[in-house]
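Visitor: I have a structure to look through before I set up any calculations. Can you walk me through it?

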Amino acid sequence: SHTVPDEIQRFLQGMLGLPFFVWHPIAANDDVILGPGFFERVARVFERYADAGAVCPHTLTPENSEIPEPGIHRMKRKEGWAFTMRKALLDQIPPIPEGCRYFFGDNWFWWFTYRKFNMLWYKDTGNIIWHEVGTSVREINGYRRIKEKEKEVCSRALMGYFPGSKKEAKR
């Protein structure tokens with residue numbers, strides 16, 4: 001279990017008197033380490049871009065440790081290992097379907113953000129996280145079989161909300 005440093009707690013409590021994760025819920029794999037200033041940077045993106053439904057940080061991995069020029073960019077693809085949703089938007093999205101325990105929840109949020117609410121996902125390349133890719137997945141026994149089944153469940157559920165679409169849940 002991790003504890004949030006006191007200075008971050010004070011900052012978060014000052015925002016509407018609520019912890020940050022109540023105001024803007026964060027979805028992150030358990031193999032992600034948030035960088036300094038993570039919360040402040042996400043809050044600034046939401047304040048600056050009214051059409052932001054979700055904000056993603058820039059991810060460093062053992063295979064990709066290059067730090068880009070800081071900037072805010074509209075995303076064309078989702079990233080599911082670490083993103084923060086606008087709470088008011090999240091409250092309007094139906095729950096992730098039963099049967100999607102590990103995978104494709106990010107697809108669920110991506111589809112509703114764009115297709116139903118016409119809101120965007122933004123990447124803040126100045127907000128850095130570290131991701132030990134695959135660490136969580138290795139802990140799931142039979143993850144390939146589970147992933148295929150969950151893909152089918154999520155795709156079928158999305159088609160129920162967005163009939164006529166030929167897209168499916170992808171990973």
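**Overview**

Guide: Of the 171 residues in the protein chain, 44% count as buried. This is a predicted model.

Visitor: How many helices and strands does the protein chain have?

Guide: The chain has 7 helices and 6 strands. Along the sequence, the pattern reads α-α-β-β-α-β-β-β-α-α-β-α-α.

Visitor: Among contacts between residues at least 6 apart in sequence, what percentage join residues at least 24 apart?

Guide: The share is 78%.

Visitor: On to the core. Which residues touch the most other members of the largest one?

Guide: They are M85, I93, W108, F109, F112, W121 and L158, out of 24 residues in that core. At least two core residues come from each of strand 3 (52-60), strand 5 (82-85), helix 5 (105-116) and helix 7 (143-161). Helix 5 gives the most, with 5 residues.

Visitor: What is F109 in contact with, leaving aside neighbours within four places in sequence?

Guide: F109 is in contact with F83, M85, L90, I93, I96 and W121. There is also a second, separate core of 13 residues, and F38, V45, F46 and A82 are among them.

Visitor: Back to helix 5. How many of its residues are buried?

Guide: 9 of its 12 residues are buried, so helix 5 is mostly covered. The buried ones are G105, D106, N107, W108, F109, W110, W111, F112 and T113.

Visitor: What do the buried residues of helix 5 pack against?

Guide: They pack against strand 3, strand 5, helix 4 (87-90), strand 6 (120-131) and helix 7.

Visitor: How far apart are the end C-alpha atoms of helix 5, and what span should its residues give?

Guide: The end C-alpha atoms are 16 Å apart. At 1.5 Å a residue, the 12 residues should span 16 Å, so the two values agree. Just after helix 5, N118 takes a positive phi of about 50 degrees.

Visitor: Aromatics next. How many aromatic pairs are in the whole structure?

Guide: A search finds 13 aromatic pairs. One of them joins F112 and Y161, edge-to-face, at 5.1 Å centre to centre with 75 degrees between the planes. That pair links distant parts of the chain: F112 is in helix 5, Y161 is in helix 7, and they are 49 residues apart.

Visitor: Which residues do ring pairs link into a cluster?

Guide: The cluster holds F83, F109, W110, Y114 and W121.

Visitor: And charges over rings: what lies over the face of W111?

Guide: R115 does, at 4.5 Å from the ring centre. Elsewhere, the charged end of K147 sits over the ring of F103, 5.8 Å from its centre.

Visitor: Last topic, cysteines. How many disulfides are there?

Guide: The count is 0. C100 is in no disulfide, and the nearest cysteine sulfur, that of C154, is 4.5 Å away.

Visitor: Is C100 buried or exposed?

Guide: C100 is at 10% relative accessibility, so C100 counts as buried. C56 also counts as buried, at 1%.

Definitions and conventions
Residues numbered from 1 in each chain as written. Predicted model: local features only at pLDDT ≥ 70, side-chain atom pairs only at ≥ 80, totals over all residues. Heavy atoms only, no water. Disulfide = S-S within 2.5 Å. Buried < 20%, exposed > 50% of the residue type's maximum accessible area, 1.4 Å probe, protein only. Core = buried A, V, L, I, M, F, W, Y, C linked by side-chain atoms within 4.5 Å. Helix = DSSP H or I, 4+ residues; strand = E, 2+ residues; numbered from the N terminus. Contact = heavy atoms within 4.5 Å. Expected span 1.5 Å × (residues − 1). Phe/Tyr/Trp six-rings, centres within 6.5 Å; stacked < 30°, edge-to-face > 60°. Lys NZ or Arg CZ within 6 Å of the ring centre and 35° of its normal.
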